[in-house]
Amino acid sequence: MDIFIEGIKQAIQLLAELNREIFLITWRSLLISGPSVLISLLIGMPIGVILGLAKFPGRKLLLSLVYTGMGFPPTVVGLFVALLLWRSGPLGYLSLLYSPTAMIIAQVIIATPIVAGLILAAMQQLDPKLKLQSLSLGANRWQLLWTLIKEARITSLAAIMAAFGGVISEVGSAMIVGGNIKGKTRILTTAIVLFTRMGKFEKAIAVSIILLFLSFLANFALTYIQQRDRIYWKH
Amino acid sequence: METLVKVENLIHKYDNKIVLDIEEFELNRGEVLALVGSNGAGKSTFLRILNLLEKPSQGKVQIFGIFPTDYKQKHILRRRMAMVFQEPLLFKSSVYYNVSYGLKIRKKNKNSIKSKVLEALKKLEISHLINRQAGTLSGGEAQRVSLARALVLEPEILLLDEPFVALDQPTREELRDDLYKIIRRMNQTTLHVTHDRNEALVIADNVAVINEGSILQKGKTENVFNKPINEFVANFLGVETILYGKITSKRDGLCIVNINNQKLEVVSDLEKGENVIACIRPENVTLFKYSLKTPLSSARNSFVATIKDISSYGLVYRVVMDCGFNLTSFITRESLERLNLKIGEKIIASIKATSIHLLSRK
């Protein structure tokens, strides 16, 4: 119990002092997770809309792949990305292994099925005639996509929250493809693993507090937007 | 007259079942056409095909003189039309957002959007709803917003898919009257789909009757209603009396039709000896008290009839009589009371020779 209390006290002190190492780890986490979430939304949302609304041969197979992808173990994703980027691997010539880019690639693979799966569920709950009405009012494909995502904004925002949560708290693939290199690929989650192993509990706890705070902040903001427009429909 | 829509040999199938089979169809600029048919006749499917939302299995659809083949052409043509569906299908936002949607996606200037939206809301008498969330509107209000959203685009063709069907009677009539005042004022080309023949009678210059995917008859409303092309159309358009007989003689354009040994005098082009179907609209049957020996009308056909049934039919009463054949008339409550009609009593039923429509029964 003393370790715990002492750890918290020292963690608060580190945070109050704006410890440089912890600050840089936090900033790097945002620089990696931010683009990961954005890219997974750019890929996952259109896939979700198409799978949710269109009918085509092979749709059921693709649906199954998306649902399977939602449960991909991050460590397994890390392994496959590492194999791809390994020096002797098919993309080894890019020299991306143990870089922030490799971590972004892995996080995008983890988050995209989550986004696609939630968006397609949202699309299936919309009135199918809404698509026809939007087209009839003159929407082109992209305008239609954006309109439908806005109409399903409660679930769309949930998809963003889920994607962000999935990448900011992920450690397995980050360790494998990033290597947890100080000053280069060390992020909040990999730092917690390292500091805990080294017995530096005050640093581990400080980083955990930041991670929890960031998660809470992002979800609070998105929840606020999500619930703000909620109207109880008459019909 | 400029033809805006032209359809040739259109066939459409769902799961190998033919749902539309239309040889030809045209819609001209300025025309208000009602497409009437029962549920499942193919009306809504046809409208979606005309709005380029669905591709027909076979056949040609020409819109504004163009046969659209690719997505881009369809998109451009669609922007010259607007469709209103049965349900309002409003977006989860304000009334302003909904009505401005089509203008925003066409990248119109902000000030222009604002003034057009205000004008559209004023036309449909819903200016006071401008900031309301769409989800808080009543059915009638929501459908007005839906109509405003379409009209604000000043479409060259307005497609209406039973826009009043989900509304109660008073709301439906009020909205219909308001909408058609706007349509007439704007000389708006309109194709209005409905299953309600009375609605078609009120709103449209021209009517087309569709059944099982085929257009059976198209023409001026008055002509189609008074001169249906076959028994189905007659039945659907409210011809309550449909009789089978034969033309026994003809002179100077006047045919004598034998129906159950009763004689009907009818003005017709058909020839002596032809087997016919006689269509008599209930509005064209006039009733007189039996005590009067000579009816006060110029009608050639007068029958002594026995009343079989009297029932309420909205604002009028439906009187079914036996005069050697079953005959139906509509009369007002006032007339019912004045004539003091009762079941089993005798009455004189009178029909003009020009009010009966004959169809050849081949």
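**Notebook: chains A and B**

I began with one residue pair: B:Leu243 stands opposite B:Ala278 in β13(B). The model is predicted: local features need pLDDT of at least 70, side-chain atom pairs count only at pLDDT 80 or more, and totals for chains, interfaces and linings use all residues. Residues are numbered from 1 along each chain as its sequence is written, while chains are lettered from A and ligands numbered from 1 in the order in which they are written.

**Entry: the sheet in chain B**

I looked up the partner strands next. β10 (residues 241-251) and β13 (residues 275-280) of chain B run antiparallel and are joined by six bridges. Strands here are DSSP runs (E, at least two residues), and helices are runs of H or I with at least four residues, numbered from the N terminus. Two strands pair if DSSP finds at least two bridges between them.

I then traced the sheet. It is open, has five strands in the order β12-β11-β10-β13-β19 (chain B), and pairs antiparallel. β12 (262-267) and β19 (356-360) of chain B are the edge strands, each pairing on one side only. On average, neighbouring strands of this sheet are turned by 40° against each other, direction ignored.

**Entry: domains of chain B**

I noted two domains in chain B: domain 1 (3-235) and domain 2 (239-360). The bounds come from an automatic or database domain assignment. Their C-alpha centres lie 38 Å apart. Seven residues of domain 1 of chain B are in contact with seven residues of domain 2 of chain B; contact means C-beta atoms, placed from the backbone, within 7 Å. On the domain 1 side, helix α9 (residues 231-236) of chain B gives the largest share, three residues. I sorted that side by class: two nonpolar, three polar and two charged residues. Nonpolar covers Ala, Val, Leu, Ile, Met, Phe, Trp, Tyr, Cys and Pro; charged covers Asp, Glu, Lys and Arg; the others, Gly among them, are polar.

**Entry: chain A against chain B**

I checked the contact between the chains. Chain B puts in 23 residues and chain A 18 residues. On the chain B side, α2 (71-78), β5 (81-84), α3 (95-105) and α5 (139-151) each supply at least two residues. The largest share, three residues, comes from α3(B). This side of chain B divides into nine nonpolar, seven polar and seven charged residues.

**Entry: a helix pair in chain A**

Note on methods: Two residues are in contact if their C-beta atoms, placed from the backbone, lie within 7 Å. Axes are lines fitted to C-alpha atoms, for helices over the stretch in contact, and angles run from 0 to 180 degrees between N-to-C directions.
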